[in-house]
Amino acid sequence: MSDAQKRRRAGGRAGHAERAGVAAIEQMPWRIPVNPDRPTEPLDAEGVAAIHKGAMRILSEIGIRFLNPEALEIFRQAGCIVEDENVRMDEAFVMEMVRKAPSEFTVTPRNPDRALPMGGKHILFGNVSSPPNYWDLERGKVPGFMEGFRDFIKLTQYFNCIHFAGGYPVEPVDVHPSVRHLDCLYEKLTLTDKVVHAYSLGKERVEDAMEMVRIAGGLTHEEFRAKPRMFTNINSVSPLKHDFPMIDGTLRMARAGQAVVVTPFTLAGAMAPVTMAGAVALSIAEALSAIALQQYVAPGSPSMIGTFTSNVDMKSGAPAFGTPEYIRATQMTGQLARFYGLPLRSSGVCAANVPDGQAMWETSNSLWAAMTSGTNLVYHAAGWLEGGLIASPEKFVMDCEVLQMLQRYMEPQVWATTPDDIALDAIREVGPGGHYFGCQHTQDRYTTAFYSPFASDWRNFEAWKIDGAMWTAERAHKIAKAILADYEEPPMDAGIREELRAFVARRKQEGGAPTDF
């Protein structure tokens, strides 16, 4: 292989992480962050037990409504109490099922160098998912469109601090829903080589997604099912309900050996009790009911518990994110996740409408909640606005700056205490009243000693003003443009690409997924 060929190959593999951004930004290389800190635990042992018992009483005394006949029949076979669509299950059954789920697992995409260990102390960040609207400084707020979708997927691939391609970073509403999943998965699987997510929105969408991931990986059906290659996230319909397509997708993915994240969407004061303990207990009950079903059907299949517990603005009813209550609810759920031995998913979210100060402090609070709770998988870590109704490339870039800072914060070099780090020779060399700019210890380390930003502007006011007085969102807009111009598609075997294209064409000809319009 020539040097030029090696460089081209590195462009889309792990080596791309080292090259990525040379023309646009200098960014951190690809890495799997490990969170070294002990989680923040606001609950004592009695508090954990109280929420657990509350969740178990919800499941055994009140029950969860399942709008899926197959699930109802499975619960009957398992000995649960099924009355119409309501299912009650006792603590012994729930805990027996939950203990079957692995505490850690790995999801391997088409590029094995991008494999993601989920659980333990790992923390992984993903792109914004599912907003119906797009916003940038040029267009303003507009409905999602396919070209905007592609741009977000390119940003997802480009940034090394983004570890997985979650749901659609913006819904391309210019593509009919019957075939949207086919076009979107094709773009995700060709424009990225990272782990991808599939929506559990009906048999066709789930089965098509699994087949497309299998094809993209060049896998046999047996190889695909042998270990996790992708994942889905389902949401309960709080309070106390699971709908048909989400549970259908759970069962299909679990039987195929793929990972399932169960994330109740519990907003305290609206779809959950106004107290955070009550909201968390409700969320835990809803999540464990689906995980118990999954583990009964496919024991040992990878499960993850998710938290999306926050509060509403009691004046308007609007969702609020990055609040003190959100942070504590996430930390509390982290304690319960460890109690059950399950990996944890949370989110990087805000209620702000544009990428301004509010957007960043609320998102930073949400990300700090993830850091301090022991979260393993962070959805919506870059690009989220308006409570999930807007995706913004400027916000995506700004969030990635924060994510890189958090990754640097987790690097052991920052707090290393070797003799070289204590630096007595340098202290002796400089002595009283000197400075360290010119000493050899500094000269040997000045390029790597501190975090180096790509979006922050650390110059003084006068220098900033002379250079155009560009505000953060304006800089982020410019950076996003440069990144998209610099983007290189990861390599894919021509035969695999053609097989993937042919599958999409065939499924479109067959009608894709049924819709009522």
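These are my notebook entries on a predicted model, taken one spot at a time.

**Entry 1: the core**

I started with the nonpolar core. The largest one holds 139 residues, and Phe 159 and Leu 288 touch the most other members. I then looked up which helix gives the most to this core: helix H11, residues 276-297, with 13 residues. There is also a second, separate core of 14 residues, and I noted Phe 105, Met 118, Ala 259 and Leu 377 among its members.

Back to Phe 159 for its contacts. With neighbours within four places in sequence left aside, Phe 159 is in contact with Ile 25, Gln 27, Lys 194, Phe 396, Val 397, Cys 400, Phe 454 and Ile 483.

**Entry 2: H14 against H19**

Val 397 turned up in that list, and I met Val 397 again in helix H14, at the contact with H19. How do these two helices pack? Helix H14 (residues 393-409) and helix H19 (residues 472-486) pack at an angle of about 95°, with their axes 8 Å apart. I put H14 down as roughly perpendicular to H19, because angles of 65 to 115 degrees count that way.

From H14, I listed Pro 393, Glu 394, Val 397 and Met 398; from H19, they meet Thr 472, Ala 473, Ala 476, His 477, Ile 479 and Ala 480. By class, the residues of this contact are 7 nonpolar, 2 polar and 1 charged.

**Entry 3: H3 against H5**

I checked another helix pair. Helix H3 (residues 45-62) and helix H5 (residues 91-98) have axes that come within 9 Å and cross at roughly 110°. That makes H3 roughly perpendicular to H5. On the H3 side I found His 52, Lys 53, Met 56 and Leu 59, which meet Glu 91, Val 94 and Met 95 in H5. I sorted the residues of the contact of H3 with H5 into 4 nonpolar, 1 polar and 2 charged.

**Entry 4: Arg 497**

Arg 497 sits in helix H20, residues 494-509. What does its side chain make a polar contact with? I found the side chain of Glu 489, at 2.6 Å. Setting aside neighbours within four places in sequence, I have Arg 497 in contact with Tyr 186, Thr 190, Glu 489 and Met 492.

I looked through the backbone next. The peptide bond from Ser 238 to Pro 239 is cis, with omega near 5°. Pro 239 is in the loop between strand S11 (231-234) and strand S12 (241-242).

Two entries for positive phi. Asp 84 is not a glycine, yet has a positive phi of about 55°. His 380 is not a glycine either, and its phi is positive at about 55°. Asp 84 lies in the loop between strand S2 (81-83) and strand S3 (86-88), while His 380 has its place in strand S19, residues 377-382.

Buried or exposed? I have Asp 84 as exposed, with a relative accessible area of 70%. His 380 counts as buried at 7% relative accessibility, because the cut-off for buried is under 20%.

**Entry 5: Cys 350**

From His 380 I moved on to Cys 350: the two are 30 residues apart along the chain, and their C-alpha atoms are separated by 9.8 Å. Cys 350 is in the loop between strand S18 (344-347) and helix H13 (357-373). I noted Cys 350 as buried, with a relative accessible area of 0%. Not counting residues up to four places away in sequence, Cys 350 touches Phe 321, Ala 359, Glu 362, Thr 363, Trp 384, Leu 385, Glu 386, Gly 387 and Lys 395.

Methods:
Residues numbered from 1 in each chain as written. Predicted model: local features only at pLDDT ≥ 70, side-chain atom pairs only at ≥ 80, totals over all residues. Heavy atoms only, no water. Core = buried A, V, L, I, M, F, W, Y, C linked by side-chain atoms within 4.5 Å. Buried < 20%, exposed > 50% of the residue type's maximum accessible area, 1.4 Å probe, protein only. Helix = DSSP H or I, 4+ residues; strand = E, 2+ residues; numbered from the N terminus. Contact = heavy atoms within 4.5 Å. Axes fitted to C-alpha atoms, helices over the stretch in contact; angles between N-to-C directions. Parallel < 35°, antiparallel > 145°, perpendicular 65-115°, else oblique. Nonpolar A, V, L, I, M, F, W, Y, C, P; charged D, E, K, R; others polar. Polar contact = N/O pair within 3.5 Å; in protein donor to acceptor, adjacent residues only side chain to side chain.
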